Amino acid sequence: MRHPVRLAINGATGRMGQALVQLVKGDPRFVLVAAVASANSTLLGQPVFMGADAPVYTNDWPGADALDVVIDFSGPAGLAAALTYCESHGVALVTGTTGLDPTFGQRLAVSSQRIALLRSANFSLGVAVLTRLLREAAATLPSWDLDIFEAHHNRKEDAPSGTALALGEAAADARGTSLAESGVYSREGRTGARQPGTIGFAVVRGGDIVGEHEAWLMGKGERIELTHRATDRSIFARGALEAAHWLGGREPGAYDLDAMLSERASR
């Protein structure tokens, strides 16, 4: 992989896209070649960086051999365009786009046979480590009760959060089950004694909380609490840049943050 990494940001005028633009500006590991936005963006044609050589917001993709990695935080249509470009030019793709239907998931699986592709719903490296720790704890202590708590700002519309569900699924998988079998999403009234093997969820929505996730593993006379608190939304953009730097130049395949962390840990 050449250095610096030649990068395009897809969905560059969105909240995550703009955070990435600002971080790339001060990161010598990358050169921002293109900031791709939807055709109806009001920022099209405006400079991303001030200066004579500044790229501009565009809805056109660069020509052949211009990029090493694309980071995508757009939407289903934007991701489809990024996939087409990356497959045609052999460019690695990091994507955090969510809200995809199962058919699109199948397309991503096919694409990973042609390009290096890393997909995650949460690019916080701390959450990735939390997931690893919870997976190990859940497997090591299979009879302990497990509940997952999460808190977010008052504008978040889904509950539990996607990250909380991913944590629960990782723990369930480590115990040889699934959330479809073991998840409990509400407790009210006379619920009776807790059923062994269940994984409970609790949700808070309020204020401007960026994101908090806790996992409690509860045994007789002792309890383990695993906690991650996000205080700055830029952590997600930072994690995506770490993933892009790691992914560039790799062989085609489906990668995730856990693979990146495992490689780091083995050094």
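Which residues does Met218 touch, not counting residues up to four places away in sequence? They are Trp144, Asp145, Leu146, Asp147, Arg194 and Arg223, where contact means heavy atoms within 4.5 Å.

The model is predicted: local features need pLDDT of at least 70, side-chain atom pairs count only at pLDDT 80 or more, and totals for chains, interfaces and linings use all residues. Residues are numbered from 1 along each chain as its sequence is written, and side-chain values use heavy atoms, leaving out hydrogens and water.

View 1. Strand E10 covers residues 211-219 and holds Met218; helices (H or I, at least four residues) and strands (E, at least two) are DSSP runs, numbered from the N terminus. Met218 has a relative accessible area of 24% and is partly exposed (buried is under 20% relative accessible area, exposed over 50%, partly exposed in between, with a 1.4 Å probe and protein chains only). From C-alpha to C-alpha, Met218 and Val70 are 42 Å apart in space, and 148 residues apart in sequence.

**View 2. The open sheet of seven strands.** The strand order is E3-E2-E1-E4-E5-E6-E12, with parallel pairing (two strands pair if DSSP finds at least two bridges between them). Strands E3 (57-58) and E12 (253-255) are at the edges with a single partner strand each, so one side of each has no neighbour in the sheet. Strand E4 (residues 69-72) and strand E5 (residues 92-95) run parallel and are joined by four bridges. Opposite Val70 stands Leu93 in E5.

**View 3. Helix H7 across the sheet.** H7 lies across E1 (5-10), E2 (30-36), E4, E5, E6 and E12. H7 runs at about 160° to E5; axes are lines fitted to C-alpha atoms, for helices over the stretch in contact, and angles run from 0 to 180 degrees between N-to-C directions.

View 4. Strand E12 contains Ala254, which counts as exposed at 64% relative accessibility. Not counting residues up to four places away in sequence, Ala254 touches Ser112 and Leu117. Phe236 is 18 residues from Ala254 in sequence and 20 Å from Ala254 in space, C-alpha to C-alpha.

**View 5. The buried side of helix H8.** In H8 (residues 257-266), the buried residues are Leu257, Met260 and Leu261. They lie on the same side of H8 because they cover an arc of only 95° around the axis, taken from the directions from the helix axis to the C-beta atoms. These buried residues pack against strand E6 (116-119), helix H4 (125-140) and helix H7 (234-247).
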